[in-house]
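Take a look at the picture, then follow the solutions step by step.

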Number of protein chains: 2
Amino acid sequence: MRPDGRSSMRESILAAAVHLFAQYGYHAAPLRDIARIAGIQAASIYHHYPNKQALLIEIMETYMLRLNVSLEHVLKEFDDPLQRLHEAIANHIRMHTTYKEEFFIIDTEMRALEEEHKAHIISLRDKYEALLQELLQDGMERGVFRQSDVKIASYAIIAMCTEVATWFRPNGRLSVQQVITSYRQFIVEGLLLTPGVTHMPDETAHLL
Amino acid sequence: MRPDGRSSMRESILAAAVHLFAQYGYHAAPLRDIARIAGIQAASIYHHYPNKQALLIEIMETYMLRLNVSLEHVLKEFDDPLQRLHEAIANHIRMHTTYKEEFFIIDTEMRALEEEHKAHIISLRDKYEALLQELLQDGMERGVFRQSDVKIASYAIIAMCTEVATWFRPNGRLSVQQVITSYRQFIVEGLLLTPGVTHMPDETAHLL
DNA sequence: GTCTATAGTACGATAGAC
DNA sequence: GTCTATCGTACTATAGAC
């Protein structure tokens with residue numbers, strides 16, 4: 001066990017990279033600073049990783065894979081479209097608040113990927129979009145969701161739930177669960193106060 | 001008039017900066033490349049702008065001001081909360097598709113701002129959020145919108161409508177107007193197919 | 001596995017001629 | 001207002017000792 005709680009120097013380096021890439025951006029984060037936080041010299045990083053780009057790839061690949069696995073699990077676990085959507089939203093927001101910096105990097109540093117690696121990471125992102133679109137399409141076909149453009153709906157949901165990683169503060173005004181509840185209601189029911197809505201969840205009915 | 005259609009070298013330089021900042025990111029876009037696109041040498045940029053950072057500031061300030069002015073106009077022009085929201089969404093998406101690269105830079109290069117200038121740009125962004133929150137709060141108090149967390153609702157709307165700038169292609173599958181219509185319905189009515197909804201706009205009723 | 005030393009390159013910015 | 005030439009700096013990455 002290392003002083004920073006990581007179990008290997010390789011992990012310490014990656015953790016430092018996550019922190020600095022998220023704070024300053026990939027190009028503005030010098031390897032010397034990553035090394036200093038990890039407690040070694042810049043040259044020593046090259047014993048663990050072939051170059052700076054490899055750090056970015058490992059961060060993006062690792063967490064996009066985790067995100068996909070977690071959504072696949074939701075789709076396998078549940079069948080009801082509305083419950084699936086509820087769980088997918090909760091899963092997305094939980095992942096993006098728990099691994100805030102990692103997903104912020106995925107969201108903002110796609111341009112920093114060199115061309116050879118970009119296609120791979122984009123394919124992982126496309127896979128996630130496809131899974132969510134499958135969920136939405138199924139819900140529309142089964143008459144639970146309104147007929148609408150599936151791609152636009154998936155982009156909208158992903159954009160709003162991803163951006164939580166930008167402003168969420170673990171000790172802020174709202175808990176993760178409160179954020180999830182608000183987003184669920186907003187996505188499923190919209191903003192309009194519509195008399196006669198029958199799907200109002202009990203947990204929010206008191207607000208009326 | 002210059003060969004690129006800009007009316008001054010100052011504008012040509014800024015247009016080149018917009019293009020390269022959006023494509024590669026602020027730190028990865030060399031002044032030499034900006035100069036080449038503008039048709040001059042890198043050193044000549046310094047006759048028009050004091051430094052590279054000034055280019056970023058001018059882009060962000062100009063378009064955040066335009067965005068605020070346009071939303072203020074919507075709030076002055078309309079009174080009905082639902083119509084205000086419709087117009088605000090349309091305005092946001094129109095601005096973000098028309099000035100796609102400029103707003104993409106505002107959205108992704110906040111970290112590249114040096115500390116002295118960051119506060120100013122953030123205050124412009126905060127102003128925009130406050131205007132939208134005022135619209136939402138008013139709509140809730142007047143019983144048109146559901147009671148919900150105004151800040152979360154504003155973040156969600158801004159995030160989803162801003163991200164359009166990332167994927168929208170002028171000659172793509174969907175027109176700007178189709179995107180606006182889809183987003184409006186999604187934001188106002190949500191995904192759920194709820195029997196008994198009374199506020200279904202005529203323009204989308206045929207989808208059912 | 002980590003170090004020191006440094007190669008090699010690219011960048012932002014300046015000086016000064018025209 | 002634009003040029004050429006170049007300064008000073010900072011960065012990624014490598015070489016080679018320990």
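**Exercise 1.** Find which atoms pair up between chain B and DNA strand C.

*Solution.* Start with the backbone: an N or O atom of B:Leu31 sits 2.9 Å from a phosphate oxygen of DNA strand C. That is a polar contact (a pair of N or O atoms within 3.5 Å). Next, B:Tyr46 places a polar side-chain atom 2.8 Å from a phosphate oxygen of DNA strand C. Then turn to the bases, where a side-chain N or O atom of B:Arg32 is 3.1 Å from a base nitrogen of DNA strand C.

Before going on, a word on the source: this is a predicted model, where local features need pLDDT of at least 70 and side-chain atom pairs count only at pLDDT 80 or more, while totals for chains, interfaces and linings use all residues. Residues are numbered from 1 along each chain as its sequence is written, chains are lettered from A and ligands numbered from 1 in the order in which they are written, and side-chain values use heavy atoms, leaving out hydrogens and water.

**Exercise 2.** Describe the protein surroundings of DNA strand D.

*Solution.* Third, look at the bases: a polar side-chain atom of A:Arg32 is 3.4 Å from a base oxygen of DNA strand D.

Definitions and conventions. A polar contact is a pair of N or O atoms within 3.5 Å; within protein, one must be able to donate a hydrogen and the other to accept it, and residues adjacent in sequence count only if both atoms are side-chain atoms. A residue is near a molecule or strand if one of its heavy atoms lies within 4 Å of it.
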